[in-house]
Amino acid sequence: MKPDKIGLAQLKQTSAGAAKGADWKLVGVIGGIILILGVIAAAMVVIPMINSGRREAKRVECAANLRMIFAASQIYAQLNKDMMPPNAEAFASYISSNDTWICPECGNVSGGGAGPAASSYIYVGGSLGKYVHRIHNASKVVLAYEPLSNHGGTGFNVVYLDGHAQWIAAERAEVVMREIEAQSSKLSSTH
Ligand SMILES: [Zn+2]
């Protein structure tokens with residue numbers, strides 16, 4: 001009887017010790033899981049922030065390209081009796097880097113065009129014709145824009161005849177695209 005009792009007590013002690021060890025193991029595992037979940041949660045916050053920062057930078061770079069295209073078109077107009085270049089090829093020589101014609105987000109020639117002016121952008125200034133500096137509301141007349149697909153459908157950049165570039169977010173994209181198409185058809189019918 002006695003040895004049995006001791007045996008039982010010893011057994012209890014040993015199993016209690018083992019349970020304690022197992023408890024700590026469990027705490028370690030849970031702690032590890034919590035840590036991993038924390039890292040995942042942080043990554044879920046930080047990675048989109050990095051991505052949106054990167055996308056924002058590309059948008060800005062893209063808008064700068066369009067402003068450069070505007071500037072080059074103005075050089076052409078000054079040298080050609082106030083007439084806008086009929087197409088992008090006509091003033092491509094005023095832009096030193098071919099990269100200027102390429103949207104940094106899509107990196108391809110989604111806008112068409114040929115030769116050095118093969119581009120991610122669509123130049124519509126050709127339909128403005130002569131006496132371009134006499135055009136009123138230049139801040140609302142589109143000179144060049146890009147397909148909505150360039151920035152994955154999140155929006156697109158436009159440059160206007162007064163040289164300012166604007167990012168059009170996806171919600172307004174359809175309306176503004178329709179305005180641009182209306183402008184092109186209206187101008188081509190008057191010239
Ligand atoms: Zn772009």
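Val159 makes contacts with Leu66, Arg67, Ile69, Phe70, Leu143, Ala144 and Ala165, leaving aside residues up to four places away in sequence; two residues are in contact here if their C-beta atoms, placed from the backbone, lie within 7 Å. The structure is a predicted model, in which local features need pLDDT of at least 70 and side-chain atom pairs count only at pLDDT 80 or more, while totals for chains, interfaces and linings use all residues. Residues are numbered from 1 along each chain as its sequence is written.

A residue is called buried if 20 or more other C-beta atoms lie within 10 Å of its own, exposed if 12 or fewer, and partly exposed in between, with C-beta atoms placed from the backbone. Across the 191 residues of the chain, 23% count as buried.

Three helices and four strands are present, and their order from the N terminus is α-α-β-β-β-β-α. Helices (H or I, at least four residues) and strands (E, at least two) are DSSP runs, numbered from the N terminus. Of the contacts between residues at least 6 apart in sequence, 52% join residues at least 24 apart.

The four strands make an open sheet with antiparallel pairing, in the order β1-β2-β3-β4; two strands pair if DSSP finds at least two bridges between them. Because β1 (122-123) and β4 (165-169) each have a single partner strand, they stand at the edges, and one side of each is left without a neighbour in the sheet. Two bridges connect β1 with β2 (residues 142-145) in the antiparallel sense, and Ile122 has Tyr145 as its bridge partner in β2. On the way to the next strand, β2 and β3 (residues 155-160) run antiparallel and are joined by three bridges.

Lys81, although not a glycine, has a positive phi of about 50°. Asp82, also a residue other than glycine, has a positive phi near 65°. Lys81 is exposed because 8 other C-beta atoms lie within 10 Å, whereas Asp82, with 13 other C-beta atoms within 10 Å, is partly exposed.

Finally, Arg172 belongs to helix α3 (residues 170-190). Arg172 has 13 C-beta neighbours inside 10 Å and so counts as partly exposed. The C-alpha atoms of Arg172 and Phe156 are separated by 9.9 Å, with the two residues 16 apart along the chain.
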